Structures are given as structure tokens and as C-alpha cells.
Amino acid sequence: MTATMTATDFGPHAAGYLALRLPAGTWVRHEDDETRRIWIAQPCTCTLCMSATLLGVPATHYELRTRDGDVAPLVHVRYTSVVPHLHPDELFQTYPTVLPLPHSAVCLRKLLRARFPGVRFSVRTRRGWRLSVSWSGGPSDTEVATVAAPLLADYSTPGRRRARPVTVTRFGRATYGTPLVDAITLTRR
């Protein structure tokens, strides 16, 4: 089974993995909206979602609002139907230098081995800014995708869409920078 997570061309699965982690106030586009309008994502406050959250179930729906904070007609929207959108404030932020792709591969391999000890992962660089991850047995595609998704983007705050800077040691040299990955292909053998 193969799945691809992409930062530039969001598919329904990739957008779902990233949209599940959106904080309140993140700018999003709704896939069913023909006007391609920008909405503000907030946690869903319907009775079903609120009771599930109180029982400890992770939230899977959003309530979309207009930019001025008014409630939109889109309530109880599934997380897989929204795509995160670049916030204008991010255009003027400064970031550390971009990590070369081999360093990003080392970072991802290290994260996967720490999260799933005993599972052997193969992380390879591909043409462009792409990585491919393959493994046999062990975790599902979704579990691996939750570890790999932060290399595509970081949604810890509403206005930030780039990955967090990391320090990677490769061949004895430490390099500090922001991982830049356009797509991660996941293949479970």
C-alpha cells in the first residue's frame, strides 16, 4: 500500500493528516466551496463533538468562520475537507536556512526510529524535494504519516505553515535549518 503526503498539491489524505492538527484560528479553504473563499477554522461546538471531546476522543470536525469572526453556514465540517492556507503574516517572517534534502531524510529517519523502535525504515531522497519512506510490518500508514507530516509543515500556531527548524548531525557535522520537503511517499511492504 502506498500513500503520498504533499505540501504543495494537497490530496485528500495528506490534507487530512495535516488538517487534523490545526489550531484554532488557522486559515483554511473548504474543498466543496466553489468560491474558493478563505475561512477561519475553529473547533466544532456542536453537541456531538463537544460530548466526544469531553470523553477524550480527538476532535475530527471544525466550525468555519469568516475573517471578521462571524459564524459561517459551514458547521460540523470534517477535517479531511479543509486545506490549510498560507497566512499573509508568514510572507514576512524570517526563517533559518533550508536544510539540504539528505539532511531532511536523516531527520525523518531519526524521528521514525525514535517513535517506532525495532521497525526498520528506509528513507530515500527522490527527484525534487521529495522523500520516500518504506518499511515492513509495524505501524500503519496513518501512524507513520503523523510523524512525517511535521516535515511538510508545522501548524502549532495559526500563522505558521513551515516546518520547525531542527539540528541534524550527518557525518559528524551538525547543521541547523528548516526541513523543506514537497512530498513524502509512504510504502508499507
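Student: Let's start with the sheet. In what order do the 5 strands of the open sheet come?

Tutor: Here's the general idea. Strands of a sheet pair through backbone hydrogen bonds, and they do so either parallel or antiparallel. In this predicted model, the open sheet runs β5-β4-β3-β2-β6, with antiparallel pairing.

Student: Which strands stand at the edges?

Tutor: Those are β5 (77-78) and β6 (82-84). Each has a single partner strand, so one side of each has no neighbour in the sheet.

Student: Can we zoom in on one pair? How many bridges join β3 to β4?

Tutor: There are 4 bridges between β3 (residues 38-43) and β4 (residues 61-65), and the two strands run antiparallel. To find one of them, look at Pro43, whose bridge partner in β4 is Tyr62.

Student: Now the wider view. How many helices and strands are there in the protein?

Tutor: You'll find 4 helices and 11 strands. The protein has 189 residues, and 43% of them count as buried. Its accessible surface comes to about 10,500 Å², with 55% of that belonging to carbon and sulfur atoms.

Student: What share of the contacts with a separation of 6 or more comes from residues 24 or more positions apart?

Tutor: That share is 62%.

Student: Next, the inside. Which residues have the most contacts inside the largest nonpolar core?

Tutor: The background first: in soluble globular proteins, nonpolar side chains tend to be buried together. Here the largest nonpolar core has 20 residues, and Leu108, Leu112, Phe121, Val133, Val144 and Ile184 have the most contacts inside it. The elements giving two or more residues to this core are α3 (101-115), β7 (121-126), β8 (130-135), α4 (141-152) and β11 (183-188). Helix α4 supplies the largest share, 6 residues. Another core lies apart from that one; it has 9 residues, including Leu22, Val28, Trp39 and Tyr79.

Student: How should I read helix α3? Which of its residues are buried?

Tutor: A handy rule is that an α-helix has 3.6 residues a turn, so residues three or four places apart point the same way. In α3, the buried residues are Leu101, His103, Ser104, Ala105, Val106, Cys107, Leu108 and Leu112. Their cover includes β7, β8, α4, β9 (166-170), β10 (173-177) and β11.

Student: Which residues of α4 are buried?

Tutor: Asp141, Val144, Ala145, Val147, Ala148, Ala149, Leu151 and Leu152 are. Pro150 is also found in this helix, but Pro150 is partly exposed, with a relative accessible area of 32%. Pro150 and Pro179 are 29 residues apart along the chain, while their C-alpha atoms are separated by 9.2 Å.

Student: Last one: how many disulfides does a search of the whole structure find?

Tutor: It finds 0. Take Cys44: its nearest cysteine sulfur, that of Cys46, is 3.6 Å away, and Cys44 is in no disulfide. The cut-off to compare with is 2.5 Å between the sulfur atoms. Cys46 is in no disulfide either.

Student: Are Cys44 and Cys46 buried or partly exposed?

Tutor: Cys44 counts as buried because its relative accessibility is 6%. Cys46, at 21%, counts as partly exposed; buried means under 20%.

Note on methods: Residues are numbered from 1 along each chain as its sequence is written. This is a predicted model: local features need pLDDT of at least 70, side-chain atom pairs count only at pLDDT 80 or more; totals for chains, interfaces and linings use all residues. Side-chain values use heavy atoms; hydrogens and water are left out. Buried means under 20% relative accessible area, exposed over 50%, partly exposed in between (1.4 Å probe, protein chains only). Contact means heavy atoms within 4.5 Å. Accessible areas come from the Shrake-Rupley method with a 1.4 Å probe; for residues, only the protein chains shown count as cover. A nonpolar core is a set of buried Ala, Val, Leu, Ile, Met, Phe, Trp, Tyr and Cys residues joined through side-chain atoms within 4.5 Å. Two strands pair if DSSP finds at least two bridges between them.
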